[in-house]
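Dear colleague,

I would be grateful if you could read the notes alongside the coordinates.

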Amino acid sequence: MNLAAFLSNTGFWAAAAMIAAVVLSSTAGEVLTAAAMKSVGDLDEIRAHSGLKGAIVAVLTCPLFFAGIFFMAVAFFALLFALNHLNLGLAGPATASLTVFTNAVAAKLFLRENVDRRRWTSAVLICIGVYFLAH
Amino acid sequence: MAHQKLSLYQTMILILVAICAPLGNTCLAKGMTSLPELTLAHPLALFAAAFTPWVALGIALLIGFFASYLTALSWADLSYVMLATAWGNVVVELLAHFCLHEQVSCQRWLGVVLITLGVGLVAPGPSQTVQPAPLSSGAPR
């Protein structure tokens, strides 16, 4: 779909809002799940101490984990909604590549990870690479 | 504390994260496109679709992806896991080209090169820059 046809069929801001909804809910899901796993601790050590059942119980008793799953489900349905209204050639690459970048930003802001120059450069390269692959 | 070097086991977990998701999605897509059109009027048909070989394999691979992804997040940063496992997209592209003999455009080859450069840049770096919770806080005894 060329830009003129795209703008005439779906408003630019409506398309941007749909893509933003997918990217933001996906990022929220990833960050909450990562925060949950950090609060649970090293799963390999837990499995060594308490077995596989203990590791599963440790994950399933963490409320943050379910918050992460909830936002991942929201992201999934938001993507289905976006694909119903937008061209796959636009929605697929845009959401896939932007999520890489927003995850790096959210990891630095909310998880206090040290996203140094090496990781930023890698995020930009992978973001552009995923866009080219998905387009 | 930064973990400078991953063990072989941890590297294997990251490889599982990288390849299980794209392969699982590919199996699901292959399985679902080979089925007759499904509608919400016949929900049992959707349930039955989960037991066809390709869809079942796709679901098993995605369960494997999620288990290994959670394991990786418990000892590595989100920004590290996300970037280091982006190489899975390249694996699918290479499989499509060399095994299925699909044509890969110059733009897609450029994507492969950029992702490989990005992963090569981040993978040798520290996998963890924040201290995880002590074992006693999360583990049932």
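Leaving aside its neighbours within four places in sequence, which residues is B:L73 in contact with? The model is a predicted one, and in it B:L73 is in contact with A:T33, A:A34 and A:M37 of chain A, together with B:L78 and B:V81 of chain B.

B:L73 also figures in the largest nonpolar core, which has 74 residues. The members that touch the most others there are A:I126, B:V17, B:A72, B:L73, B:V81, B:L83 and B:I115. The greatest contribution to this core comes from helix α2 of chain A (residues 12–40), which supplies 12 residues.

Turning to the contact between the chains, 35 residues of chain B meet 42 residues of chain A. On the chain B side, the elements that give two or more residues are α3, α4 (78–84), α5 (87–98), α6 (106–122) and α7 (135–138). Of these, α6(B) gives the most, with 10 residues. By class, this side of chain B comprises 20 nonpolar, 11 polar and 4 charged residues.

Within chain B, helix α1 (residues 8–33) packs against helix α3 (residues 53–75) at an angle of about 155°, and their axes are 7 Å apart. Because angles over 145 degrees count as roughly antiparallel, α1(B) is roughly antiparallel to α3(B). The crossing of α1(B) past α3(B) is left-handed. Their contact has 19 nonpolar, 7 polar and 1 charged residues.

With kind regards

How values were computed:
Residues numbered from 1 in each chain as written. Chains lettered and ligands numbered in written order. Predicted model: local features only at pLDDT ≥ 70, side-chain atom pairs only at ≥ 80, totals over all residues. Core = buried A, V, L, I, M, F, W, Y, C linked by C-beta atoms within 7 Å. Buried ≥ 20, exposed ≤ 12 C-beta atoms within 10 Å, placed from the backbone. Helix = DSSP H or I, 4+ residues; strand = E, 2+ residues; numbered from the N terminus. Contact = placed C-beta atoms within 7 Å. Axes fitted to C-alpha atoms, helices over the stretch in contact; angles between N-to-C directions. Parallel < 35°, antiparallel > 145°, perpendicular 65-115°, else oblique. Left-handed = near helix turned anticlockwise from the far one by under 90°. Nonpolar A, V, L, I, M, F, W, Y, C, P; charged D, E, K, R; others polar.
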